Amino acid sequence: MPPKPSHAQAFLHQIRGHQLDWLIEFAQCSRAEPPEHWLAWSGDGHLVGWVSPERAEQMVVHLPGCVLREGRLIWQSNAENPMQRSRSLQNFLQTQADRGRLEGWRDEYFNYWLKPNTPPLVTDEPWLCVERAGFRHLGLMSHAVHINGFCANGQLWCAKRSAAKATDPGLWDNMTAGGLTAGEDAISTVRRELKEEAGWHWNVRQNLNGCGAVRTQRTEPQGWHDEVLLVYNLDIPDTFQPINQDGEVQDFACWDPHEVISGMQAGAFTADAAHALCRGLGLTRTE
């Protein structure tokens, strides 16, 4: 299926030769395997994440009801509802932060669903809800929106992440991207992130197209990254100049396809930005 809106098609039509081959190959590699020695852990009978052996030992010591049994990490929360389960795990994460083992604490909560819709529905009760920094720490699956901002000539607006960001500081990203905070749906997140990160006041009459989702999994310094990217393409008028409002972006650039892909090949972009572009161009299957 060709990408929409039309500005995205202009970008795709300019990609040639080895760069197109590279992008197609990259699109097929969104999910890595956890390191062989890492442990899957289950909570109340459900597989929920992956952690390193060191983190598994910390969970056994500081998370009540967590044990290692026959090479498996098992947590029985004894919770009667998601609120109690969340409180127990949140206390563990706070202990990790107090001991200097968990960085990037933001007092912002993410929901975790066992079998989420894509995008997840805010009316669906999450299995738990904890500090967002804890998701990579414990290998939990999160959700985020990524907006590809295309110009009529096929150029792409890109945002350089602040050097103060806890994750991927100083790397280039999509024009706008952000995680779904607890109680917020995908479109509300799109609207908020566009305003905060790029100074764009989006309304329903503007040309925004949902492109489906892609799940990305890989090892990061903070732990196991597992995120469902909800991808959107947005046509950007020639007169628009993004201006950051929240301090999370240090620069913007509008690049042609060759420059964008060269930067991705050189590792100047976040992996998720590259996967979101592939999804927006229709080069990878949707979740």
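Predicted model: local features only at pLDDT ≥ 70, side-chain atom pairs only at ≥ 80, totals over all residues.

Reader: What marks the N-terminal end of helix 4?

Author: One looks there for a side chain that caps the helix. Here N81 is the cap: one of its side-chain oxygens lies 3.1 Å from the backbone nitrogen of M83.

Reader: Which residues of helix 4 are buried, and which are exposed?

Author: A residue is called buried when its relative accessible area is under 20%, and exposed when it is over 50%. In helix 4 the buried residues are P82, R85, S86, L89, Q90, F92, L93 and Q96. Viewed down the helix axis, these buried residues fall within an arc of 160 degrees, so they line one face of helix 4. M83 and D98, on the other side of the helix, are exposed.

Reader: What covers the buried residues of helix 4?

Author: The covering elements include strand 1, strand 4, strand 5 (109-112) and strand 6 (128-131), together with helix 3 (53-62) and helix 5 (133-138).

Reader: In which sense do strand 1 and strand 4 pair?

Author: One compares the directions of the two strands. Strand 1 (residues 39-43) and strand 4 (residues 72-75) are parallel, with three bridges between them. Strand 3 (residues 66-69), by contrast, runs antiparallel to strand 4 and is joined to it by four bridges. W75 in strand 4 is the bridge partner of G43 and also of C66. The hairpin of strand 3 and strand 4 has two residues between the strands, and in it E70 takes a positive phi near 55 degrees.

Reader: How many residues does the largest nonpolar core have?

Author: It has 47 residues, and W41, M59, L89, L138, L140, M175 and L234 have the most contacts inside it. Strand 12 (residues 223-236) gives the largest share, five residues. Leaving aside residues up to four places away in sequence, M59 touches W41, V51, C66, L73, F92 and L138. A second, separate core of 22 residues includes L23, F26, A253 and C278.

Technical notes:
Residues numbered from 1 in each chain as written. Heavy atoms only, no water. Core = buried A, V, L, I, M, F, W, Y, C linked by side-chain atoms within 4.5 Å. Buried < 20%, exposed > 50% of the residue type's maximum accessible area, 1.4 Å probe, protein only. Contact = heavy atoms within 4.5 Å. Pairing = 2+ DSSP bridges. Arc of directions from axis to C-beta. Polar contact = N/O pair within 3.5 Å; in protein donor to acceptor, adjacent residues only side chain to side chain.
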